[in-house]
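Subject: Structure for you to look at

Hi,

Here is the structure I promised. Please open it and keep it beside this note while you read.

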Amino acid sequence: MIYKKFQLKTLLYLLPALFIFLVFNVLPGITSLILSFFDFSGFETSLFKKFVGFDNFIKIYEDKYFWIALKNTFLLVFGAVFIQTGIALMLSIFIFFGNFKFSVLIRSIIFFPCVLAPISVGLVWKKILEQDGVLNSILGLDYSWLSSISLVMWLIIMVNTWQWIGYSLVIYYAGLQSLNIELLEASDIDGANWSQKIFSIVVPLLWPTTILVMILNLIGGFRAFDIVYVLTRGGPAHYSEVLASYLYYYSFAAGGPNKMGVGASVAFVIFACILTIAIARVIIQKRIEKN
Amino acid sequence: MFKHFIKFFALVSILFSFNVFADGHEKIIKVVDWQSGVGGITNSYADFIKEFEAANPGVKVEYTQYTVSTYNEFLKPALSSGQGPDVFAVYPGPDLDEVVNAGHLVNITAEADDEWKGWLGSNINIPELSRGGNLYLAPQDAFTEEIWVYNDMIADLGFELPAFGDSYTVDEWVAIGKAAKAKGLDGLMFGPVESWCVFDGFANFVNQGNPDYPTDSLGLALDGAISWDQPMFRDALNAYKTLHDNGVWRKDSLSMDYQVQAWGKWIDREGVGIYCNGDWFISSAPAEYNTADSLGITMMSYPKLSSDSPMTYNKATGTNLGINANSPNKDLAMAFVKLTNSPKGSETFASYGQIPANLAAVDMAALAASPNLLFNDGIKMLATEGRNTNIYYSQAEPMKYLYDGIMEMFLGVTSVDEIIEKMNKETGYSG
């Protein structure tokens with residue numbers, strides 16, 4: 001009887017959060033998945049009027065811009081997971097062990113872009129990178145950075161990294177502060193040099209923090225939309241589309257295809273990618289722990 | 001604990017009930033469009049709302065403007081959830097098909113009274129606003145879509161302005177572009193991220209070279225009824241390629257939109273001309289170039305393929321309002337839209353520099369003699385004889401492939417031949 005009362009009481013406490021989670025996360029996700037099998041322009045009141053089976057998926061499979069968006073998404077994720085994480089790690093180690101006088105100010109300056117709205121960041125960098133922008137003025141060039149197919153995604157990665165590196169740095173800094181200093185003192189006694197201390201002791205000890213930062217950056221990379229939308233709108237000619245902006249193009253863009261069913265199938269692809277990576281991470285983590 | 005839960009639930013219910021009581025006292029008509037930034041429309045609607053509310057006590061009109069780019073982000077969820085506004089603009093073309101098919105729009109032809117039909121005049125038969133022979137969108141303002149140039153900049157570069165109604169050729173624009181570039185300027189500001197900027201210019205080029213005009217050859221090609229491998233389509237693509245490859249507009253244009261970036265940079269005088277502009281911006285033109293006794297801006301049609309090409313214009317209606325067929329205030333919504341189509345409504349538009357769609361309802365000669373010189377030229381351009389280009393098509397998929405093809409051509413990734421081949425394939429032309 002007491003056990004049953006406990007369960008009911010627990011459920012009641014959980015109910016509001018569970019309700020919000022179901023209504024705003026699970027239900028839209030299921031609806032989106034089902035919608036990917038229907039032809040829906042976005043204007044009809046009935047979402048599930050015209051069943052088209054796998055046509056939407058076939059459509060994106062045959063669309064070269066989907067593959068460009070997929071490649072760009074993985075490029076952005078690669079940039080976020082490895083480049084952003086790597087730079088944040090090195091910066092945090094440098095600031096932590098550097099014992100700088102204005103360490104707090106330096107960290108605040110690096111963290112500052114994180115509190116800005118991505119749209120504001122995108123607008124500022126657009127002004128810097130446009131053909132008559134600040135960068136070309138400084139370099140004395142007339143180069144169209146954002147209209148270059150080969151460079152545009154790397155510029156987006158650079159802007160994204162610039163904005164979010166402070167977030168990763170703050171997490172790493174917290175990890176460094178929790179390190180066991182005695183290990184480093186012991187390595188001093190053993191005659192280890194700085195690079196040995198960093199790469200053989202500090203970095204391995206920060207591995208759990210690194211995993212956390214990589215996961216957060218991976219999720220952020222997959223969700224990137226505003227930076228791309230503001231900087232390039234997925235252009236030039238869809239060559240900087242990522243999956244999120246490609247989904248938007250199919251679903252909402254003015255003069256666009258008006259096919260939210262196709263947008264939903266792109267959303268499913270994003271979900272499948274993240275799910276695959278999440279499952280892989282759990283499997284790898286378990287194997288590491290087992291070993 | 002359960003008592004706390006009941007108290008919380010009761011509090012939430014009370015808070016929600018305030019919203020219900022608040023709505024009971026006055027009727028609200030919601031009107032939306034995408035004309036954010038168009039001062040003439042904003043001011044005209046302010047007058048309409050004032051007049052309508054005065055004539056209908058207890059009725060409030062809430063008017064919201066979005067931008068072209070973001071409009072569907074609002075409209076689609078609103079309509080599909082059944083919470084759509086009472087009156088809303090719809091992009092002619094594929095969007096109108098979808099909205100009509102979903103049953104959201106009042107059939108104006110069937111439901112308008114005789115007075116309203118009289119005011120609409122021949123506009124009741126505008127094809128791009130109609131489906132199945134019935135009008136679904138009430139036109140508000142009319143425009144010629146064209147290029148505007150600063151007269152002093154043209155003179156500075158050593159060129160003469162063409163006669164009114166005429167335009168520069170592609171080659172002349174190449175020369176202007178080179179001269180402008182030497183002075184650190186752009187020949188044309190261009191915002192191709194907004195796909196209609198690319199498509200409408202293409203339609204104009206095609207119409208210039210259309211040997212079967214007034215047959216809508218572009219429409220037939222989009223339907224796959226005729227081949228794309230014809231001089232009129234090749235010439236149109238080559239015109240675009242020539243303009244882009246010769247730097248008439250900056251390479252950066254490929255990432256620029258029209259409404260904010262291209263227009264904004266033209267206002268800042270970074271370019272001599274603004275491409276795919278229109279009379280909708282008469283009210284937003286720089287005032288110092290549109291004074292009572294001196295007009296420093298010339299409007300002209302899209303570039304001519306050659307000096308022998310026939311004058312071809314893109315004339316259409318701009319804001320086109322539909323009435324929500326499921327609106328609880330349908331009669332009031334219809335009355336509001338009818339007001340905008342009245343002769344007084346047309347005068348209101350004109351007073352704020354917007355060319356009214358119902359020109360038959362106003363004194364054209366008086367309109368064209370207003371103190372707003374750019375507005376006068378807009379009226380004259382609308383009345384200028386020449387080939388008229390259809391710019392509103394419903395074939396969304398082929399238009400998408402055409403736009404993507406042209407943008408890739410600008411990037412050097414695809415050729416004119418490849419675009420032609422792809423268009424024949426995607427439109428299902430079988431020869």
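Predicted model: local features only at pLDDT ≥ 70, side-chain atom pairs only at ≥ 80, totals over all residues.

First, a term: helices (H or I, at least four residues) and strands (E, at least two) are DSSP runs, numbered from the N terminus.

**The loop in chain A**

Start with the backbone rule. Most residues other than glycine have a negative phi, and most peptide bonds are trans. The peptide bond from A:Gly235 to A:Pro236 is cis, with omega near 5 degrees. A:Pro236 sits in the loop between α11 (226–231) and α12 (243–251). Then comes A:Ala237, whose phi is positive, near 55 degrees.

Is A:Ala237 buried or exposed? A residue is buried if 20 or more other C-beta atoms lie within 10 Å of its own. A:Ala237 has 26 such neighbours, so it counts as buried.

**Two spots in chain B**

Chain B has a cis bond to look at too. It joins B:Tyr213 and B:Pro214, with omega about 15 degrees. Find B:Pro214 in the loop between α9 (195–208) and α10 (217–222) of chain B.

Next, go to B:Arg269. Its phi is positive, near 60 degrees. B:Arg269 lies in the loop between α12 (258–267) and β9 (271–278) of chain B. With 14 C-beta neighbours inside 10 Å, B:Arg269 counts as partly exposed.

**Helix α16 of chain B**

This helix spans residues 373–383. Its buried residues are B:Leu374, B:Phe375, B:Asp377, B:Gly378, B:Ile379 and B:Met381. What covers them? The cover includes the strands β7 (142–150), β10 (290–291), β11 (294–295) and β12 (297–300) of chain B. Helix α15 (364–367) of chain B is also part of that cover.

**The domains of chain B**

The domain assignment gives two entries for chain B. Domain 1 is 27–141 + 318–362, and domain 2 is 143–316 + 389–426. Their centres, taken over C-alpha atoms, are 29 Å apart. Where they meet, 18 residues of domain 1 are in contact with 15 residues of domain 2. On the domain 1 side, α2 (39–55) and α4 (94–101) each supply at least two residues. By class, that side has 6 nonpolar, 9 polar and 3 charged residues.

Best wishes

Key
Residues numbered from 1 in each chain as written. Chains lettered and ligands numbered in written order. Buried ≥ 20, exposed ≤ 12 C-beta atoms within 10 Å, placed from the backbone. Contact = placed C-beta atoms within 7 Å. Domains from an automatic or database assignment. Nonpolar A, V, L, I, M, F, W, Y, C, P; charged D, E, K, R; others polar.
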